[in-house]
Amino acid sequence: MAANDNREVITVADPAAMAATAAEHVVARIGANDGRAAICLTGGSSPKQLYELLATEAYRSRIPWQRVHWFIGDERFVPADDPLNNMSMARTAFLDRCAPAENIHPIPTATADPGDPDRSAALYEKELQSFYGADTLDDARPLFDLVLMGIGPDGHTASLFPGGRAIDETARWVVGVPKANVAPFVPRVTLTLPTLASCREMLFQVAGKEKRAILTRLFAAENLPANRARSTGDTVWLMDLAAIPENFGG
Ligand code: 6PG
């Protein structure tokens with residue numbers, strides 16, 4: 001994996017402006033691909049406004065739904081209809097109303113072997129490899145057009161937690177995470193850094209004053225998962241004014 005060291009930081013006024021800016025990135029990345037496009041969604045609360053915006057007529061009419069496929073970067077190991085399930089949140093917010101069912105690719109959490117996030121990870125890895133048409137990632141042919149990400153209070157991103165084994169995984173595409181660092185304390189399944197990196201753009205959304213402390217640490221270049229997640233293409237951090245640390249840029 002040759003991750004790109006450049007990171008672009010965009011600041012916006014508030015969460016509404018963040019959702020609108022992110023929506024333009026989604027539309028632009030889909031528009032830049034004439035064929036089958038792949039978007040990797042994220043969980044948490046930050047992307048919800050973006051998802052709801054994509055379902056409004058203004059955006060819905062600009063997305064060629066038939067040729068866009070929707071994946072998820074990490075999942076809480078709970079049933080598909082549990083409100084804590086990340087794909088369930090995205091389905092309710094927009095996918096179920098807009099996307100063909102066969103274009104929605106959830107991480108299976110109700111597998112033949114329930115209670116085993118590793119098995120679930122192996123199944124999703126197969127699904128991603130079958131979509132990609134190979135089991136080795138090629139920098140010249142990214143898996144995703146866009147990967148959405150969030151940042152947790154401990155500097156985690158996707159379900160890659162500081163000090164966990166998953167962050168150093170380079171062979172597997174998807175792994176099980178037995179223990180989460182932050183709530184909800186359920187096992188997780190997460191795409192690994194090389195898989196998330198295989199994209200034309202990785203777009204982080206970080207909003208609210210409760211994110212200031214972790215952004216201060218990240219901008220001080222602390223070795224935390226959110227600082228290690230980079231696209232082989234463009235990496236963009238979208239932050240709202242409330243999240244910006246006091247000494248940012250000065
Ligand atoms: C999850 C996520 C996680 C999230 C961050 C930020 O399953 O919780 O995918 O990585 O993106 O924790 O979450 P917020 O957007 O809620 O701050």
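In which helix is Ala16 found? Ala16 belongs to helix H1, which covers residues 15–31; helices (H or I, at least four residues) and strands (E, at least two) are DSSP runs, numbered from the N terminus. The model is predicted, so local features need pLDDT of at least 70 and side-chain atom pairs count only at pLDDT 80 or more, while totals for chains, interfaces and linings use all residues. Residues are numbered from 1 along each chain as its sequence is written, and side-chain values use heavy atoms, with hydrogens and water left out.

**Two positions along the chain**

- Ala16 counts as partly exposed because its relative accessibility is 41%; buried means under 20% relative accessible area, exposed over 50%, and partly exposed in between (1.4 Å probe, protein chains only).
- Ala16 and Ser198 are 182 residues apart in sequence, and their C-alpha atoms are 28 Å apart in space.
- Thr56 sits in the loop between helix H2 (48–54) and helix H3 (57–60), and its relative accessible area of 33% makes it partly exposed.
- From Thr56 to Arg91, 35 residues apart along the chain, the C-alpha separation is 14 Å.

**The ligand and its surroundings**

- There are 16 residues around the ligand, and Ser45, Ser46, Asp74, Ala158 and Lys211 come nearest; a residue is near a molecule if one of its heavy atoms lies within 4 Å of it.
- An oxygen atom of the ligand lies 2.4 Å from an N or O atom in the side chain of Lys211.
- For the side chain of Asn86, the distance from an N or O atom to a ligand oxygen is 2.8 Å.
- A polar backbone atom of Ser45 is 2.7 Å from an oxygen atom of the ligand.
- The ligand taken alone exposes 420 Å², of which the protein buries 89%; accessible areas come from the Shrake-Rupley method with a 1.4 Å probe.
- The shell around the ligand consists of two nonpolar, ten polar and four charged residues.

**A buried arginine**

- Arg188 is located in strand E7 (residues 188–191).
- Arg188 is buried yet has no salt bridge, and Asp74, the nearest side chain of opposite charge, is 4.1 Å away; a salt bridge is a side-chain nitrogen of Lys or Arg within 4 Å of a carboxyl oxygen of Asp or Glu.
- A polar atom of the Arg188 side chain lies 3.3 Å from the backbone oxygen of Val186.

**Salt bridges**

- Side chains of opposite charge can pair when their charged atoms come close.
- The whole structure holds eight salt bridges.
- One of them joins Asp234 and Arg29, at 2.9 Å from N to O.
- Asp234 lies in strand E9 (residues 234–240) and Arg29 in helix H1, so this pair ties together parts that are 205 residues apart in sequence.
- Arg29, Glu201 and Asp234 are linked in a network of salt bridges.
- Lys48 and Glu52 form a salt bridge whose closest N and O atoms are 3.6 Å apart; because the two are four residues apart in helix H2, about one helical turn separates them.
- Arg172 and Glu125 meet in a salt bridge of 3.2 Å, N to O.
- That pair links distant parts of the chain, 47 residues apart: Arg172 is in the loop between strand E5 (144–149) and strand E6 (174–177), and Glu125 is in helix H5 (residues 117–132).
- Arg172 is partly exposed at 31% relative accessible area, whereas Glu125 is buried at 14%.

Methods: Polar contact = N/O pair within 3.5 Å; in protein donor to acceptor, adjacent residues only side chain to side chain. Nonpolar A, V, L, I, M, F, W, Y, C, P; charged D, E, K, R; others polar. Lys, Arg positive; Asp, Glu negative; His and termini not counted.
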